[in-house]
Amino acid sequence: MYPILPERPSDAAQIDTLLDLTFGSDRTRKTVYRLREAVAHVKALAFVVRDEDGVVLGSIRYWPVAIGEAATPAIMLGPVTVHPHYQGQGIGRALIRHSLYTATRLGHGLCILVGDKPYYEPFGFVGAADRGLEMPGWVERERFQVMELAAGALQGVSGMVGKPVKSKKKAAA
């Protein structure tokens with residue numbers, strides 16, 4: 001198995017190429033990309049797997065989001081990608097386990113995603129729409145999922161997923 005490493009800024013071009021290879025260049029038309037526009041991914045939750053030559057074989061990123069009128073902070077997993085020649089070797093699952101563990105350690109309470117139910121269910125994801133969450137555009141209901149990273153984090157949370165609320169800092173006097 002390859003080590004899971006923090007993403008470096010120099011990995012960005014390789015990751016974009018890998019995403020185009022695995023998801024197609026039209027991937028950016030999907031609803032989740034509207035939530036990512038003009039929002040930086042969570043650097044502490046961006047990981048890669050590289051081969052011995054430094055080529056990125058797999059990548060995972062998370063994005064900050066807010067849920068409902070209360071703007072409950074959450075993270076959105078995705079995309080996670082593995083080069084087609086290396087799929088089926090557990091790289092994607094290892095990236096997910098490692099990053100969810102890190103997200104929990106960092107104090108994140110909720111994680112959402114849009115992805116294949118059979119793939120993500122074993123990690124603890126459940127139907128988000130069934131729990132009162134909504135996406136701002138069309139997604140297949142069964143692919144929209146949520147996971148509590150902290151016990152009770154979903155209690156009382158409902159509504160539309162949106163971009164994170166920017167904190168207002170007081171100007172220095």
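Strand S2 (47-50), strand S3 (56-67) and strand S4 (72-82) are among the elements that cover the buried residues of helix H1. This is a predicted model, so please read what follows as a description of a prediction.

Which residues of H1 are buried? They are Ile-15, Leu-18 and Leu-19. Around the helix axis they cover an arc of only 105°, which means that they sit on the same side of H1. On the face turned away from that buried side, H1 carries the exposed residues Ala-13 and Thr-17.

Now the length of the helix. H1 runs over residues 12-23, which is 12 residues. Just after H1 comes Gly-24, with a positive phi of about 90°.

Next, the aromatic rings. How many aromatic pairs does a search of the whole structure find? It finds 5. One of the pairs is Tyr-120 with Phe-125, in an edge-to-face arrangement. Their ring centres are 6.0 Å apart, and the angle between the planes is 85°. The planes count as edge-to-face because that angle is over 60 degrees. Tyr-120 and Phe-125 are both buried. They also belong to one aromatic cluster, together with Tyr-119 and Phe-123.

What lies over the face of Tyr-33? That is Arg-36, at 4.5 Å from the ring centre.

Notes:
Residues numbered from 1 in each chain as written. Predicted model: local features only at pLDDT ≥ 70, side-chain atom pairs only at ≥ 80, totals over all residues. Heavy atoms only, no water. Helix = DSSP H or I, 4+ residues; strand = E, 2+ residues; numbered from the N terminus. Expected span 1.5 Å × (residues − 1). Buried < 20%, exposed > 50% of the residue type's maximum accessible area, 1.4 Å probe, protein only. Arc of directions from axis to C-beta. Contact = heavy atoms within 4.5 Å. Phe/Tyr/Trp six-rings, centres within 6.5 Å; stacked < 30°, edge-to-face > 60°. Lys NZ or Arg CZ within 6 Å of the ring centre and 35° of its normal.
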